[in-house]
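Hi everyone, thanks for making time today.

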Amino acid sequence: DIFFCDYCMTGITTPMPEPDEALSLYSSESYRTDTGTRFNPIIEFFIYVFRLKRKGDIKRYIERGSILDIGCGRGLFLHIMKKDGWETAGVEVNKETAFYASEMYGLNVAVGEPSNWNFPNESFDVITINHVLEHVHKPAEYIKKCKELLKKEGLLFIAVPNISSLQAVVGKELWFHLDVPYHINHFSTAGLLDLLKNNSFKILDIRHFNLEYNPFG
């Protein structure tokens, strides 16, 4: 079940998977891959193109610097940024996936919750959280940690499914991006904005279309 809070404007999957259960859901055998690719070559090509698009979106604000990708997966996006001259680091919940990103692309990847990351405060120009915040047990802790790790005037780039979208309203329990039990949090636009503003972030841009994700909805 998903219960929606009218105060924080966010839905919560109930019962919420325990942390150990969540880790098992994201094992290499079920949700991730330890071989670096998950799809056929055509889809993998488009994934690469979408990562280039994300790089372009970020460079609209900051041309080059240091970047942390929370939920970096196999490390493809960070690899692209590294080739562009960025200093890169990543975070992954899955040890096997983190190991692949480190071995394949030579990336610095931390594993686990924010308390385990050990990055210095104010050390990143950009932090990206792309379709990750809906998976974590304590999203407010992630946002607070991002505030600490970002340099002054740094950029936080977030993408999540939108439970207040037309897709969600029409699709109801059949909406693809509910994705329970993998998705624990179900953000509305207002809910995510409140979470950011409560941590003193200034909102620069809001978009409601993403060619990589919207068609699946």
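Predicted model: local features only at pLDDT ≥ 70, side-chain atom pairs only at ≥ 80, totals over all residues.

Residues are numbered from 1 along each chain as its sequence is written, and side-chain values use heavy atoms, with hydrogens and water left out.

Let's begin with the sheets. Helices (H or I, at least four residues) and strands (E, at least two) are DSSP runs, numbered from the N terminus, and two strands pair if DSSP finds at least two bridges between them. There is an open sheet of five strands, paired in parallel, in the order β5-β4-β3-β6-β7. The edges belong to β5 and β7 (150–159), each with a single partner strand, so one side of each has no neighbour in the sheet. From one strand to the next, the twist averages 20°; axes here are lines fitted to C-alpha atoms, for helices over the stretch in contact, and angles run from 0 to 180 degrees between N-to-C directions. Helix α2 (residues 41–59) packs on this sheet, touching β3 (66–70), β6 (124–130) and β7. Contact, by the way, means heavy atoms within 4.5 Å. The direction of α2 makes about 145° with that of β7. Looking at one pair, β4 and β5 are joined in the parallel sense by three bridges, and Val91 stands opposite Ala110 in β5.

There is also an open sheet of three strands, antiparallel, in the order β1-β2-β8. Its edge strands are β1 (2–5) and β8 (185–187). Four bridges join β1 to β2 (residues 10–13), and Phe4 has Gly11 in β2 as its bridge partner.

Now to helix α4. Which of its residues are buried? In α4 (residues 95–105) they are Thr97, Ala98, Tyr100, Ala101 and Tyr105, where buried means under 20% relative accessible area, exposed over 50% and partly exposed in between (1.4 Å probe, protein chains only). They cover an arc of only 155° around the axis, which puts them on the same side of α4; that arc is taken from the directions from the helix axis to the C-beta atoms. The face turned away from the buried side carries the exposed residues Lys95, Phe99 and Glu103. What do the buried residues of α4 pack against? Their partners are α3 (76–83), β4 (87–92) and β5 (109–111). Just after α4, Gly106 takes a positive phi of about 65°.

Next along is Leu107, in the loop between α4 and β5. Is Leu107 buried or exposed? With 6% relative accessibility, Leu107 counts as buried. Not counting residues up to four places away in sequence, Leu107 touches Gly75, Leu78, Lys82, Thr88, Ala101 and Ser102.

Last, the cores. A nonpolar core is a set of buried Ala, Val, Leu, Ile, Met, Phe, Trp, Tyr and Cys residues joined through side-chain atoms within 4.5 Å. The largest has 25 residues, and Leu68, Ile70 and Phe119 are among those with the most contacts inside it. Helix α5 (139–149) is one of the elements that give two or more residues to this core, and α5 gives the most, with four. A second, separate core of 18 residues includes Leu76, Leu78, Ala101 and Val126.
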